[in-house]
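Dear colleague,

Please find the structure below, handed over for your use. My findings follow directly after it.

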Amino acid sequence: MSIGTNIRHDSSVTHVAGESVFIDDRPEVRGEVHVGVVGSPIARGILKSIDAREALAHPDCLGVFTAADFHAKHWGTITHDQPFLVVDAISYMQEAVCIVASSKRGSVEAIKKLVKIEATPSEGVFSIDEAKAKGEILYRAASPFIQGDVDAALKSSPHRLKGIFRCGGQEHFYLESQAAIAYPLENGQIEVHSSSQHPSETQRVVAEALGLSFHQVVCVVKRMGGGFGGKESQGAPIAAYAALVADRLRRPARIVLTKDQDMMITGKRHPFQNEYEVGFDNQGRLLAVNALLQSDGGAYLDLSSSILERAMFHLDGAYHLPNVRVEGICYRTHHHPHTAFRGFGGPQGNMTIESILEDVAHYLKKDASEVRRINLYSGANLKTPYGQVLENNLLPRIHERLLLSSGYEKRLGEIREFNSRRCGKVRGISLTATKFGISFTARFLNQANALVNLQLDGTLQVSTGATEMGQGVNTKIQQIVAHAFGVCPDAVRVMPTSTEKNHNTSPTAASSGSDLNGAAALLACDRIKARLIPLARARFQGQEFDPTREFESPESLTPSPDPDMVFSEGVVRDQRSGKSVPLRELIHLAYQNRISLGSYAHYKTPDLGFDKTRVVGRAFNYFTQGMAVSEVEVDEYTGEMKVRRADILMDLGRSLNPGIDRGQTTGAFIQGMGWVTSEHLVYDRDRNLLTHSPTTYKIPNVQDTPREFNVEFIENPDNDRNVHGSKAVGEPPFLLGTSVWTAIKHALSFRANGQEIRLVSPATSEVILMELTRLKGE
């Protein structure tokens with residue numbers, strides 16, 4: 001049995017041995033050139049001139065290319081509003097103005113410095129408040145999500161709170177920066193190797209940039225050194241830069257951004273500023289929620305509209321809101337265009353409701369976990385604010401079990417006693433939840449295709465549209481295929497993703513990589529098996545195979561399973577007769593009878609369809625649910641915070657690989673914790689990003705991880721919405737990092753003397769110390 005076992009990540013050995021090949025590990029070929037990007041020196045203004053004479057005079061310079069060299073001037077995932085290179089208007093600091101080509105890697109930076117850019121600056125917009133005042137709107141949600149009578153419920157509520165929740169952006173900090181190599185081929189073709197989550201998008205963008213047809217461009221992705229959403233859209237123009245140089249010079253071209261360049265050029269997680277008013281009763285039950293979600297989209301749209309909508313979808317969190325109105329606006333600022341990031345807006349929406357519930361508990365002087373319990377989705381046929389019925393709801397069960405397993409009640413008492421001593425440190429504890437919708441909210445993206453080739457020795461090669469960025473999608477697909485044919489996982493090889501084998505693919509995003517591509521691979525396996533089973537039956541019945549006559553094997557597009565024919569341990573067995581045949585022998589028999597041993601399959605998630613104008617339909621295939629309890633300790637003199645303990649309980653259905661799922665859960669939690677505590681993006685007055693390296697931008701390190709870290713999965717055999725009953729894991733646990741932030745809020749409540757706690761995210765040591773100082777009146 002391959003499903004549900006802890007087989008190792010398919011790249012684990014080569015990673016440890018230093019043998020895994022990333023883009024810049026590809027050997028340099030003869031005539032290869034190196035590409036660099038020259039960025040704008042101002043955040044907003046008009047480009048007057050580009051003087052490349054000195055650069056072109058450099059002995060290693062092979063060319064300087066501007067917007068005029070591109071066939072298409074603009075690109076974009078949703079709308080084509082972003083220039084490949086500045087045409088005239090400059091819209092953010094370090095926006096790409098031109099690219100340079102050098103025969104030597106070491107000369108790229110020197111050549112870039114010789115390019116003289118003249119631009120006229122103008123006043124920029126750098127905050128949501130400024131953009132709001134000037135009416136700089138990138139996107140307004142088509143319709144609000146409305147359930148019940150919000151205004152009447154607010155008016156009649158015994159208690160009301162009103163406020164603004166603010167959360168900052170976040171750098172992706174993937175270890176492999178944006179990178180691509182383009183190889184010019186014969187007949188005007190281009191082959192691009194890219195560190196991309198979306199090979200089909202890269203293929204399209206490169207083709208449009210060069211004025212080529214799509215069939216002239218192939219994009220190959222072997223693996224990425226991390227992505228987290230940052231390579232869903234923004235890797236495409238980087239590949240286009242390399243492709244342009246390769247096409248013009250007819251030489252291979254390599255572009256690899258340094259970590260500093262990558263952080264300064266690329267977009268981040270969207271900052272949000274969410275206004276709300278809530279009404280609640282004496283127990284803390286939410287009676288009405290009126291919320292306006294406002295995001296900073298940066299200079300261009302990118303994926304901001306979809307990210308805003310997913311934030312709206314997750315404003316309810318794990319809690320039933322009987323009367324609710326959720327609206328959303330994305331504002332244009334002169335920051336780098338913000339983009340996809342693990343959670344895709346979900347964390348910003350979910351964190352808002354968790355912050356509200358923490359404030360309600362503080363206002364009523366009640367335990368926040370009890371306030372959360374009475375607001376949980378509990379019972380049958382409860383609808384979300386967007387009208388989808390919550391099925392397979394394990395939230396009450398998860399809450400009850402986690403409170404017991406984490407020892408919450410006992411620890412809360414100990415924290416109260418500890419804080420009463422006033423020893424210079426203060427502790428807090430908090431439980432938060434995730435109910436993350438799984439599916440792309442754009443229905444057309446919920447599709448995948450797979451090619452499975454069964455070789456004569458019984459091994460298999462599998463090609464899908466999924467891209468491996470360390471999350472283990474290849475390993476899970478490997479297990480699905482191995483289980484389908486009853487072979488060991490080592491007999492299955494998942495091939496590099498290539499647009500010539502898997503076309504029109506969706507990005508590996510929305511936590512759906514294993515769901516979509518795994519289902520497509522399984523369907524392809526079933527089609528091959530449907531051809532083999534009649535052959536096996538004929539053999540079991542003693543049928544002679546006449547070489548002068550064709551053996552008729554079905555070619556059904558929707559093969560029906562035969563539960564009596566089992567593929568296991570390299571053998572095909574008829575459970576009714578007890579007869580069996582080695583798989584390899586059956587494969588050779590099929591080959592000799594000219595039966596196809598390969599299959600292509602296309603899968604689309606069933607029953608999806610949401611009309612965002614009318615707010616009707618099914619937005620998500622299912623929900624991944626979970627909760628976390630985090631305990632923190634804050635130094636009252638420095639604001640330094642440590643996570644003493646974290647307990648996580650997740651519903652992942654029937655896990656395909658518990659080890660990989662555990663790694664995804666812990667990694668997502670730590671990354672979420674970093675977003676809400678230490679990862680602070682700092683800009684100077686001219687809007688240069690100051691925190692553009694590991695020395696200035698603080699992601700969590702080993703010293704920041706919880707001193708005690710417990711992760712468990714709850715049993716859930718009832719999920720029938722996904723391949724083998726599994727559930728997606730990539731993004732949902734990220735939202736649980738919020739529990740660290742709400743635990744800090746809880747700790748500060750012990751020094752608040754009844755005052756409102758005004759904590760923003762990220763709650764850095766400086767932010768915590770300033771809020772403590774304000775609360776103490778010092």
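Phe-620 counts as buried in this predicted model, because its relative accessibility is 0%. Tyr-386 lies in the loop between α11 and α12, and Phe-620 in the loop between β29 (616–618) and β30, so the pair ties together parts that are 234 residues apart in sequence.

Tyr-386 also pairs with Phe-313: the ring centres are 4.7 Å apart and the planes stand at 90 degrees, so this pair is edge-to-face. Phe-313 belongs to helix α9 (residues 304–313), 73 residues from Tyr-386. Phe-313 is buried, with a relative accessible area of 4%. Ring pairs join these residues into a cluster made up of Phe-145, Phe-313, Tyr-386, Phe-610, Phe-620 and Phe-623. In total, the structure holds 19 aromatic pairs.

Charged groups also sit over rings. The charged end of Arg-269 is placed over the ring of Trp-675, 5.1 Å from its centre, and that of Lys-529 over the ring of Phe-567, 4.9 Å from its centre.

Helix α13 may also interest you. Its buried residues are Tyr-408, Arg-411, Leu-412, Ile-415, Phe-418 and Asn-419. These cover an arc of only 125 degrees around the axis, which puts them on the same side of α13. Glu-409, Lys-410 and Ser-420 are exposed on the other side. Among the elements covering the buried residues are α12 (395–405) and β30 (622–635). Just after α13, Arg-422 adopts a positive phi of about 50 degrees.

Yours sincerely

Methods. Residues numbered from 1 in each chain as written. Predicted model: local features only at pLDDT ≥ 70, side-chain atom pairs only at ≥ 80, totals over all residues. Heavy atoms only, no water. Buried < 20%, exposed > 50% of the residue type's maximum accessible area, 1.4 Å probe, protein only. Helix = DSSP H or I, 4+ residues; strand = E, 2+ residues; numbered from the N terminus. Arc of directions from axis to C-beta. Contact = heavy atoms within 4.5 Å. Phe/Tyr/Trp six-rings, centres within 6.5 Å; stacked < 30°, edge-to-face > 60°. Lys NZ or Arg CZ within 6 Å of the ring centre and 35° of its normal.
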